[in-house]
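This briefing is for a reader who is new to protein structures. Please look through the sequence and the model before reading the points.

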Amino acid sequence: GNPELPTAVNITWSSINFKTILQWQPKPSGYFYTVEIHGQTSDTKKKCILTTETECDVTDALRNVNETYTAHVLSVASSGVGDFEEPPFAVSEKFTPYSQTILGKPEIRNYTQKGSKLNVVFQDPLTPYTFPNGSFKSIQDIFQHDLEYKLYYWKDQSSGKKDATTKSHTFEVNIDSTKNYCFYVQGIIPSRRENRDGQESTVLCTSIGRNILDEYGAEVFIIIAVIAIAVITLAIVLSVILCKRKKAKAAREKEPLNGV
């Protein structure tokens, strides 16, 4: 090989919902990088051949999500390499998509609060992998029964959370019918040692006849009351002053004119 070419450092895997990006350093100057993906049982696959970038989308090379892979980042001279010359390379840590990809955000499709029931319907994140008919597989299509979801919910304006668990795509939980609730959904893989918890969905809140006190809190009403009292007090004071002035003026008008 060419020992003078620098090899890649800080090689990292970044994977969400099985879309996997390999990243490394440094930026090349006067040479290129080529990525080789080595599986335990699969053939070596080359990606991002002769690139000047320091990241590579290797999703297509990791279709067997249960296999463990390593990446070789080759440093290739601008003049290329001969048939029997092996360029210098650096090797990544091992990566198994099934146990290491991060679960992305579920999408809440619908929610209702009727009486003492909160119903939430959500959708799995999709992966880059497809069925034979071309439709995209969801993370549940891949994880099957290893995947479950949690709903975290709490009374609006409160910090005390409750949670519920499901392996379907709906939640129905008992709530206080007089209060509004906020909530989010999160995917979980209990069998994992790391990356068990996925990304949290958007936080949403119900709004069933929310009154002004619920909306703005008691502090705002106290401020409004103080201002109202001040305005009323000022009005009374002004009225008294004006009344006294009118009486004084009327008294002066009744006094006889001097010299008459």
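The points below cover the chain as a whole, its nonpolar cores, its salt bridges and a surface patch.

This is a predicted model, in which local features need pLDDT of at least 70, side-chain atom pairs count only at pLDDT 80 or more, and totals for chains, interfaces and linings use all residues. Residues are numbered from 1 along each chain as its sequence is written, and side-chain values use heavy atoms, with hydrogens and water left out.

**The chain**
- The chain contains four helices and 17 strands; these are DSSP runs numbered from the N terminus (helices H or I, at least four residues; strands E, at least two).
- Of the 260 residues in the chain, 35% are buried; buried means under 20% relative accessible area, exposed over 50%, and partly exposed in between (1.4 Å probe, protein chains only).
- Among contacts with a separation of 6 or more, 60% join residues 24 or more positions apart; a contact means heavy atoms within 4.5 Å.

**Nonpolar cores**
- The largest nonpolar core has 44 residues, and Leu22, Trp24 and Ile37 have the most contacts inside it. At least three of its residues come from each of domain 1 (9-99) and domain 2 (107-212), with bounds from an automatic or database domain assignment.
- Another core, of five residues, lies apart from it and includes Tyr152, Trp154, Tyr184 and Ile188.
- A nonpolar core is a set of buried Ala, Val, Leu, Ile, Met, Phe, Trp, Tyr and Cys residues joined through side-chain atoms within 4.5 Å.

**Salt bridges**
- The structure has eight salt bridges, each a side-chain nitrogen of Lys or Arg within 4 Å of a carboxyl oxygen of Asp or Glu.
- In one of them, Asp57 pairs with Lys19, with the closest N and O atoms 2.7 Å apart. Asp57 is in strand S5 (residues 55-57) and Lys19 in strand S2 (residues 19-25), so the pair ties together parts 38 residues apart in sequence.
- Glu36 and Lys46 form another, with the closest N and O atoms 3.9 Å apart. Glu36 counts as buried because its relative accessibility is 15%, whereas Lys46, at 51%, counts as exposed.

**Surface patch**
- Leu234, Val237, Leu238 and Ile241 form a nonpolar surface patch, with about 340 Å² of accessible area together. Areas come from the Shrake-Rupley method with a 1.4 Å probe; for residues, only the protein chains shown count as cover.
- Patch residues have over 30% relative accessible area and no salt bridge; like charges are joined within 9 Å, nonpolar side chains (Val, Leu, Ile, Met, Phe, Trp, Tyr) within 5 Å.
- Ile241 lies in helix H4 (residues 218-254) and is partly exposed, at 38% relative accessibility.
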